[in-house]
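Hi there,

Here is the structure I said I would pass on. Have a look at it first, and then read on for what turned up.

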Amino acid sequence: MDFHLKLIVPSDPRFLSIARAAVSEVSAICGLSEELCRGVTLAVDEGLANIIRHAYRNRYDQEIELNCQTDSNRIVFTLLDWGEPPDLARICGQPLDDVSLTGRGTHLMKAIMDEVYYERVPGGNRVRLVKHLSSDKGRIDNDGSVPH
């Protein structure tokens, strides 16, 4: 099924639930299992939270554009913001350990999604998250962990 959904959401965390619901429903419509829907939703949510925290520095009066584009092979989620560019050297720059309470979002995104890209676009930033429909990478166990 080919379709495109575009949402403009405020950079206020209270609106992330709307984006999560849309991502979960798109994933389910495309035939992903419940586990994969949870994983993909978590990955996109992490991307949105990173934009709010890092690109917009917790300013809640900005916009984030969320695009969901599907075809018979994959779902592509594109997140656009007009904030500060990410420091690419810091993305997954810290190793995961049991002590750190932050810095796990980008690791989760890469563990769950089949492809993750960051790029500068005129006036902003774009994160592209791709999930191949034939992939089972990114399951989230019932305890919230990502199996390796």
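First, a word on terms: helices (H or I, at least four residues) and strands (E, at least two) are DSSP runs, numbered from the N terminus. On that basis, the protein chain has 3 helices and 5 strands, and along the sequence they follow the pattern β-α-α-β-β-α-β-β.

Bear in mind that this is a predicted model, where local features need pLDDT of at least 70 and side-chain atom pairs count only at pLDDT 80 or more, while totals for chains, interfaces and linings use all residues. Residues are numbered from 1 along each chain as its sequence is written, and side-chain values use heavy atoms, with hydrogens and water left out.

Strand 2 and strand 3 run antiparallel and are joined by 6 bridges; Cys68 has Phe77, in strand 3, as its bridge partner.

Contact here means heavy atoms within 4.5 Å; axes are lines fitted to C-alpha atoms, for helices over the stretch in contact, and angles run from 0 to 180 degrees between N-to-C directions.

Which residues of helix 1 are buried? They are Leu16, Ala19, Ala22, Val23, Val26 and Ser27. Buried means under 20% relative accessible area, exposed over 50%, and partly exposed in between (1.4 Å probe, protein chains only). Seen down the axis of helix 1, the buried residues fall within an arc of 130° (taken from the directions from the helix axis to the C-beta atoms), so they line one face of the helix. Glu25 and Ile29, on the other side of helix 1, are exposed. The buried residues of helix 1 also pack against helix 2 (34-55). After helix 1 comes Gly31, with a positive phi near 95°.

Over the whole protein chain, 41% of the 148 residues are buried.

Cheers

Definitions and conventions
Two strands pair if DSSP finds at least two bridges between them.
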